[in-house]
Amino acid sequence: MHIYVHIPFCARKCPYCGFYSITGEKSIPAYFEALKKEIFEQPVICSTEAEGDAKTIYFGGGTPSFADASCVCDTLRYIREMFSIDEGEFTVEVNPNSFNEDKAERYLEAGFNRISIGVQSLHDDVLSTLGRLHDREGALKAVDAAKSAGFTNISCDLMLGVPGQREEDLYEDAQILIDAGVKHISMYSLMIEEGTPFEKRYGGKLDEFVDEDLERRMYHGLRDLLSRKGLFPYEISNCAVRGFESLHNLAYWKGREYYAFGAGAHGYLDSVRFAHPEDVAEYINDPMKRITEEVLDEDAKLREKCMLALRTSEGMDNDLARKFQDAVDKNEKLGYLMKTPAGYTLTRKGLDFSNLVFMDFL
Ligand code: SF4
């Protein structure tokens with residue numbers, strides 16, 4: 001059983017962000033009430049396919065730490081009670097500007113055992129380009145706060161390909177986080193999302209500000225560095241010390257079903273992919289409303305399974321590969337896929353063209 005909870009509130013909107021979130025605190029209490037309603041109304045479905053998986057609950061956003069800790073903690077307790085979940089991986093995303101040791105202690109007490117910190121960079125010029133509200137010091141304090149409270153499973157996000165960012169800055173950031181005891185790093189290339197202030201600033205010409213070769217060098221350089229330091233790339237954008245992989249995200253990549261609560265949350269239950277409206281007021285009014293529902297037939301499920309499996313370092317197994325032999329052969333010839341004893345994985349070159357590879361399976 002896997003559960004995602006979306007907390008769509010942020011202190012300020014970052015100019016590059018395409019996630020659904022709003023600023024302002026006014027509707028937060030009513031929002032958490034609506035979440036409880038939705039959780040209460042959900043039938044408990046147990047997928048047989050997921051047997052043996054750890055249970056996972058993931059609070060993402062937005063910025064969960066922007067909301068009062070008691071709202072977040074009560075919701076976690078409520079979910080665990082309603083779904084009878086004693087043990088599992090329970091993650092909360094936090095941002096350095098709305099997080100401190102007190103919050104960390106309260107999260108831990110409520111049962112959260114994994115924390116994901118939106119560090120993005122430890123260089124103030126990069127953070128300022130990204131319009132983030134924290135600086136290097138704030139980011140390091142957030143990591144310290146999580147550690148001091150007793151979290152051992154700490155993940156940090158790092159952004160690469162930011163205009164003005166130097167390759168060595170990125171590697172230095174990674175090294176500092178590893179030295180601080182961070183066990184998991186998610187790495188994201190800056191993307192220009194539609195309708196964001198960054199679209200106006202860089203739309204269609206990001207490569208004039210960030211050389212594409214530099215961005216690729218950063219990506220591979222960071223993966224290699226993390227690997228050498230014992231954080232293995234277990235997915236296209238994620239590296240972790242063995243045993244600290246995100247079980248929640250691994251469930252997505254294995255094609256498992258998951259609940260999704262909250263405005264703008266996307267879920268997958270009973271072979272149906274669904275999404276809630278990206279509108280807090282509408283969600284508060286009707287938390288059960290879904291704006292899209294797509295039933296996946298067996299063929300669609302298999303195709304998704306291929307694409308998701310290829311994101312992981314484990315790759316797709318031989319059984320799955322045989323079902324899509326033409327696509328596999330084509331991409332192997334192009335040098336994008338390579339054979340392993342168990343099946344196929346993306347090559348280094350394939351990592352750069354992963355979207356093209358995926359299209360052949362969809
Ligand atoms: S804090 Fe995160 S979710 Fe909120 S606007 Fe910034 S990037 Fe988006």
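Which residues are around the ligand? I listed C10, K13, C14, C17, F19, S21, G61, G62, T63, N95 and G118. Being near means that a C-beta atom, placed from the backbone, lies within 6 Å of the molecule.

Two reminders to myself before going on. This is a predicted model, where local features need pLDDT of at least 70, side-chain atom pairs count only at pLDDT 80 or more, and totals for chains, interfaces and linings use all residues. Residues are numbered from 1 along each chain as its sequence is written.

I then sorted the shell by type and found 4 nonpolar, 6 polar and 1 charged. Here Ala, Val, Leu, Ile, Met, Phe, Trp, Tyr, Cys and Pro are nonpolar, Asp, Glu, Lys and Arg are charged, and the others, Gly among them, are polar.

Next, the backbone. I found a cis peptide bond from G61 to G62, with omega near 20 degrees. G62 sits in the loop between β4 (56-61) and α2 (69-82); helices (H or I, at least four residues) and strands (E, at least two) are DSSP runs, numbered from the N terminus.

Q120 has one of about 70 degrees, and its place is in strand β6 (residues 114-120). S271 has one of about 65 degrees, in the loop between β12 (266-269) and β13 (272-275).

Is Q120 buried or exposed? I noted Q120 as buried, because 25 other C-beta atoms lie within 10 Å. S271 has 14 C-beta neighbours inside 10 Å, so I put it down as partly exposed. The cut-offs, with C-beta atoms placed from the backbone, are 20 or more others within 10 Å for buried, 12 or fewer for exposed, and in between for partly exposed.
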